[in-house]
Amino acid sequence: MKRVYVFFIAFFIVNILPAQADGMLWRVSGNGLKKASYLFGTIHLYCNHENIRRTAIQAALDSSEIVAMELNLNDFNTFIAIMKSNMKSSGKSLKKMLNPAEYRLVDSVCQILTSSSLESFDNKSPITVLGHFIISKDITGCQGPLPVDMTIADMAKKGGKLSYGLES
């Protein structure tokens, strides 16, 4: 029964959250634009960063002046804000957000995916808990996946590109 829940969560993450496999980097041009821009699908977790299509990304970076990401991963203060957000209390217990049957279900999934009980995440926001689920080895197939955004941010920094975040 527990494996069924893991399957449904994995199915949701693999089929609904990520962008198209061949469509993560889009060229935007036309309609009077003087220079093309590039749009990259965001926060796609990869286990093997050696398989990222760096050539296409590098070509897009080389022809760009500015790199705007969802979050500016080249800004130390962004990492501080992410850490504070993950540690921040939601102000409401998960036991109060979920009915007993829902709590037992999410707790069983939590134990499978994180090897911890849901109680260890009490007073955290549901999105923080989901974040821990998404990066689990049972979902990603690897230990410690990284978002491709980190690779792009690093490539932009090495190329001396200005980086901005669209969100705080």
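Biologist: Which residues make the covered face of β4, and which the uncovered one?
Modeller: V67 and M69 form the covered face. I66 and A68 form the uncovered one. Keep in mind that this is a predicted model, where local features need pLDDT of at least 70, side-chain atom pairs count only at pLDDT 80 or more, and totals for chains, interfaces and linings use all residues. Residues are numbered from 1 along each chain as its sequence is written, and side-chain values use heavy atoms, with hydrogens and water left out.

Biologist: What counts as a strand or a helix here?
Modeller: Both are DSSP runs, numbered from the N terminus: helices are H or I with at least four residues, strands are E with at least two.

Biologist: Which strand is β4 joined to, and how many bridges are there?
Modeller: β4 is joined to β6 by four bridges, and the two run parallel. Strands pair if DSSP finds at least two bridges between them.

Biologist: What stands opposite A68?
Modeller: Y164, in β6.

Biologist: Zooming out, how many helices and strands does the protein chain have?
Modeller: Eight helices and six strands. Starting at the N terminus, the order is α-β-β-β-α-β-α-α-α-α-α-β-α-β.

Biologist: How much of the chain is buried?
Modeller: 29% of the 168 residues. Buried means under 20% relative accessible area, exposed means over 50%, and partly exposed is in between (1.4 Å probe, protein chains only).

Biologist: And which residues of α8 are buried?
Modeller: α8 covers residues 148–158, and its buried residues are V148, D149, T151, I152, A153, M155 and A156.

Biologist: What do they pack against?
Modeller: Strands β2, β3, β4, β5 and β6, plus helix α2.

Biologist: Take T151. What is T151 in contact with, leaving aside neighbours within four places in sequence?
Modeller: H49, I52 and R54. Contact means heavy atoms within 4.5 Å. T151 has 7% relative accessibility, so T151 counts as buried.

Biologist: What happens just after α8?
Modeller: G160 takes a positive phi of about 70° there.

Biologist: New topic. How many salt bridges are there?
Modeller: Two. The rule asks for a side-chain nitrogen of Lys or Arg within 4 Å of a carboxyl oxygen of Asp or Glu.

Biologist: What is the partner of E65?
Modeller: K35, with the closest N and O atoms 2.9 Å apart. E65 sits in the loop between α2 and β4, and K35 in the loop between β1 and β2, so the pair ties together parts that are 30 residues apart in sequence.

Biologist: Is E65 buried or exposed?
Modeller: E65 is exposed, at 56% relative accessible area. K35 is partly exposed, at 46%.

Biologist: Which side chain does D154 meet in a salt bridge?
Modeller: The side chain of K158, at 3.1 Å from N to O. D154 and K158 are four residues apart in helix α8, so about one helical turn separates them. D154 is partly exposed at 35% relative accessibility, while K158 is exposed at 68%.

Biologist: Which residues make the nonpolar surface patch?
Modeller: W26, V28, L33 and L39, covering about 390 Å². Patch residues have over 30% relative accessible area and no salt bridge; like charges are joined within 9 Å, and nonpolar side chains (Val, Leu, Ile, Met, Phe, Trp, Tyr) within 5 Å.

Biologist: Where is L39 found?
Modeller: In strand β2. L39 counts as exposed, at 53% relative accessibility.

Terms used. Areas by Shrake-Rupley, 256 points an atom, 1.4 Å probe, with all protein chains shown as cover.
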